[in-house]
Amino acid sequence: MTGIKFLSTGVGLPENVLTNADLEKMVETSDQWITERTGIKTRRIASDKQATSDFSIAAARQALSRAGIAPETVDAVVVATCTPDHLMPSVACLVQRALGLKNAFAFDLEAACSGFIFGLACVNGLMRSGAAKTVLLIGADTLSKFTDWTDRGTCVLFGDGAGAALLQASDRDDNLLAVHLGSDGSFTDILNIPGGGSRHPLQRSKNAPFTTGEVAGNFPPYIHMEGKEIFKNAVLRMAEAADSALKKCGKTSDDLRLLIPHQANLRIIDAVAKRMKLGDDKVFRNVQKYGNMSAATTVIALDEAVQGGVVKRGDLVELIAFGGGLTWGAAVLRW
Ligand code: ACO
C-alpha cells in the first residue's frame, strides 16, 4: 500500500429547518445579533424521533451508492461523534446493522468537533497496519439533543447532521498527504456537557430502579461553553494546525485550492483565513446554512465543495477543525 484513496462522500441531514426568525420566538435574540456574531441564518434540527445514527446511515448509504461498491467490501466502520444514540452500542455498530456491512468491524471515536480529522488519522493507521482496506469514516452529531433551548448563548449556534467518506488503501493513489492533531486537556471546563455521563449520571429515582430523566444537581446534560475563550483558542489552534500539516508534506497555503475550516462561526473562519493570507475564493463557508454540526462539519463541507465543482481531482485541499477537549487538527488532501 502506498496511499489512501477517497472513493466517495455522502451527506445525511434532518429535514427540519430552524431559522433565526424561529429562534426569535424562543429566546431573547435577533436575526441581526446572530448574523453579525456568527453568520448563521438557518440550521437543520433532528425531530424527537431522530438520532445520530439516522443521519449517519443516510450519509453512508449515499457514499456507498456513489462509489458503486458492495456493502460486503467495507471492512471497517468508524464514526466520529460526541452525541451517540446510546452510550452503548456504538453508532458505528448501528450503521453496520442498517446497511448490512457484515464483513466490517465497527467502533466510535470521540474528539468532539475535530472528530472527522482524528478519524482520518485513525483510518490511516488501520490501513497501514493491515487491519482494514476499505473504511467508511463518518462524522456525525446531534447536538440539538444536548442543547439548553432556553440559553440564547448556545442554542443559536448548533445544527445536526452527518457526513461520510469511503476510503480505500491504494497502491496507485494517495489522497491523504498529511495529518496534524493536537489536544489540551487543561481547558476541559470551558466547553463540555457536564451531566449524563458516569461522573454525573442520570439520577435513579427512589421508587424506580432506572433513570427518570432527572440529572444530579448542577450538572445538566447540555452544552456549556465559554464563547470568548473558545473563540480565541479556535483561531489560534486551527491556524497553527493548518501550518503544521502543510509543513509535514512540504506545502504552503499558497499551494491550496481550498481551505475547509470547521464551520462554527463565520468570524472564526474569517480570522483564520486572514492569518493564513487566503482570499475568499480559497475558503469554504456553509455555516450560514447549517450552523455548527460538530464532527459532521468538515466532511459535509468537503462533500459540498466536491459536488459543487469547487474542488476537482488533483486539487490540494486542507481540512481544519477545533472542538471540545480541547482538540484540534488539520489534514491535507490531494483530491
Ligand atoms: N442573542 C442576543 N444576545 C446574545 C445572544 C443571542 N443569541 N447570546 C449572547 N448574547 C448577549 C450576551 O448575553 C451578552 O450580553 P451582555 O453584554 O448584556 O452580557 C452579549 O450578547 C455579548 O455576549 P458574548 O458572549 O460576549 O458575545 P460574543 O461576541 O463572544 O459572541 C459567540 C458569542 C457567538 C458564542 C462567540 O463567542 C463564539 O462564536 N464563540 C465560539 C463558539 C465556537 O466556535 N464554538 C465552537 C466550538 S464548540 C463545538 O464545536 C462543539
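This is a predicted model: local features need pLDDT of at least 70, side-chain atom pairs count only at pLDDT 80 or more; totals for chains, interfaces and linings use all residues.
Student: Is S253 buried or exposed?
Tutor: S253 is buried, with a relative accessible area of 18%; buried means under 20%, exposed over 50% and partly exposed in between, with a 1.4 Å probe and protein chains only. Residues are numbered from 1 along each chain as its sequence is written, and side-chain values use heavy atoms, with hydrogens and water left out.
Student: Where is S253 placed?
Tutor: S253 is in the loop between α7 and β13. Those labels are DSSP runs numbered from the N terminus: helices are H or I with at least four residues, strands E with at least two.
Student: And what is S253 in contact with, leaving aside its neighbours within four places in sequence?
Tutor: L246, M276 and L278. Contact means heavy atoms within 4.5 Å.
Student: OK, on to sheets. What is the order of the open sheet of four strands?
Tutor: The order is β8-β15-β14-β13, with mixed pairing. Two strands pair if DSSP finds at least two bridges between them.
Student: Why is one side of β8 and of β13 left without a neighbour in the sheet?
Tutor: Because β8 (176-183) and β13 (258-261) are at the edges, and each has a single partner strand. From one strand to the next, the twist averages 10°.
Student: How many bridges join β13 to β14?
Tutor: Four, and β13 and β14 (residues 316-323) run parallel. For L259, the bridge partner in β14 is E318.
Student: Which strands of that sheet does helix α5 touch?
Tutor: Helix α5 (residues 115-128) packs on the sheet and touches β8, β14 and β15 (327-334). The direction of α5 makes about 120° with that of β8; axes are lines fitted to C-alpha atoms, for helices over the stretch in contact, and angles run from 0 to 180 degrees between N-to-C directions. Helix α7 (residues 227-248) also lies across β8, β14 and β15, at about 145° to β14.
Student: What about the open sheet of five strands, what's its order?
Tutor: That one goes β1-β7-β6-β4-β5, again with mixed pairing. Its edge strands are β1 (3-12) and β5 (105-109), each pairing on one side only. The twist averages 20° from one strand to the next.
Student: How do β1 and β7 pair?
Tutor: In the antiparallel sense, over nine bridges, with β7 covering residues 160-170. K5 stands opposite Q168 in β7. Helix α5 packs on this sheet, touching β1, β4 (76-80), β5, β6 (134-142) and β7.
Student: Last one: at what angle do the axes of α3 and α4 cross?
Tutor: Roughly 50°, and the axes of α3 (residues 52-67) and α4 (residues 91-99) come within 9 Å. The two helices are therefore oblique to each other: angles under 35 degrees count as roughly parallel, over 145 as roughly antiparallel, 65 to 115 as roughly perpendicular and the rest as oblique. Among the residues that meet are I57 and L64 in α3, and V91 and V95 in α4.
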